Amino acid sequence: VSTLCVVRVIVLFVFFLMIRRPPRSTLFPYTTLFRSLEIPSSLKQRLEERAKRIGIPVDVMVIEELRKITLVNIRTGPSLDPGQSGKLLEEAVKLYDRVLDNSPGMIPALLNKGIALDAMGRHIEALECFDRIISMEPDHYEAYNNKGIVLTRMGLYDAARESLDRALHLNPESAETLANHGNLLMKVGHMNEAIAYFDRAIELNPDDPQAHFNRGVALGRMKK
């Protein structure tokens, strides 16, 4: 009887360990991350419900939510208190880092982290993110596109053009990349070429207000 009790205790102990520490390979990489995120429980519940309804892992929903937070703060940054905007972007970068700690090759997290770092003015770190993506997936046009944006901000126009050219080669129908190419050309004073790129971008995406605005700026500079 004593031996049987000991066996039962050992079995229960092993079972307990299996529950508390499941093999890493059996876990979706971000399950632990999602549970530990410091975000409102109401948001977690909403993401869980949406993920279940759509039929995708909840952690994919988290990545998409972080992407939206990042892009919204980049786009609305000028209308927000700079400290508030910067704090939100810092928090987004920390969350991306948690994702990447679990899965260093998670390209969407790397891409979004690079975008956030660029918005914070941390251009070198942003470039490192995009280069890591390119090293893993050489035909990732979004990485080249965003790398071109950062290089343009840094005033490295030749390198920026090379990166944007590569992005367009990979995806000639990207209105965003066409507009970014137009911005680059406008910065170096090539207004006619810039307008041609804006025209192509607007043709593909007529609802892009920034492309229309920048086209108007280029036209205005030509008249001067």
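In the predicted model, the buried residues of helix α8 are Ala143, Tyr144, Asn145, Asn146, Gly148, Ile149, Val150, Leu151 and Thr152. These buried residues pack against four helices, namely α6 (107-119), α7 (123-136), α9 (157-170) and α10. Helix α8 itself covers residues 141-153, a run of 13 residues. The distance from its first C-alpha to its last is 19 Å, close to the 18 Å expected at 1.5 Å a residue. After α8 comes Gly155, which has a positive phi, near 80 degrees.

Helix α6, one of the helices against which the buried residues of α8 pack, is mostly covered, with 11 of its 13 residues buried. The buried set consists of Ile107, Ala109, Leu110, Leu111, Asn112, Lys113, Gly114, Ile115, Ala116, Leu117 and Asp118. The end C-alpha atoms of α6 are 18 Å apart, which agrees with the 18 Å that 13 residues should span at 1.5 Å a residue. Just after α6, Gly121 adopts a positive phi of about 85 degrees.

Within α6, Leu111 was examined individually. Its relative accessibility is 4%, and because the cut-off for a buried residue is under 20%, Leu111 counts as buried. Between Leu111 and Leu127 the C-alpha to C-alpha distance is 10.0 Å, at a sequence separation of 16 residues.

A packed helix pair is described by the angle between the two axes together with the distance between them. For helix α10 (residues 175-187) and helix α11 (residues 191-204), the axes come within 8 Å and cross at roughly 165 degrees. Angles over 145 degrees count as roughly antiparallel, and α10 and α11 are therefore assigned to that class. The crossing of these two helices is left-handed.

On the α10 side, the contact is made by Ala175, Leu178, Ala179, His181, Gly182, Asn183, Leu185 and Met186. Helix α11 contributes Met191, Glu193, Ala194, Tyr197, Phe198, Arg200, Ala201 and Leu204. Classified by residue type, the contact of α10 with α11 comprises 11 nonpolar, three polar and two charged residues. Helix α10 is also among the elements against which the buried residues of α8 pack.

Definitions and conventions
Residues are numbered from 1 along each chain as its sequence is written. This is a predicted model: local features need pLDDT of at least 70, side-chain atom pairs count only at pLDDT 80 or more; totals for chains, interfaces and linings use all residues. Side-chain values use heavy atoms; hydrogens and water are left out. Axes are lines fitted to C-alpha atoms, for helices over the stretch in contact, and angles run from 0 to 180 degrees between N-to-C directions. Angles under 35 degrees count as roughly parallel, over 145 as roughly antiparallel, 65 to 115 as roughly perpendicular and the rest as oblique. A crossing is left-handed if the near helix is turned anticlockwise from the far one by less than a right angle, and right-handed if clockwise. Contact means heavy atoms within 4.5 Å. Ala, Val, Leu, Ile, Met, Phe, Trp, Tyr, Cys and Pro count as nonpolar, Asp, Glu, Lys and Arg as charged, and the others, Gly among them, as polar. The expected span of a helix is 1.5 Å times one less than its number of residues. Buried means under 20% relative accessible area, exposed over 50%, partly exposed in between (1.4 Å probe, protein chains only).
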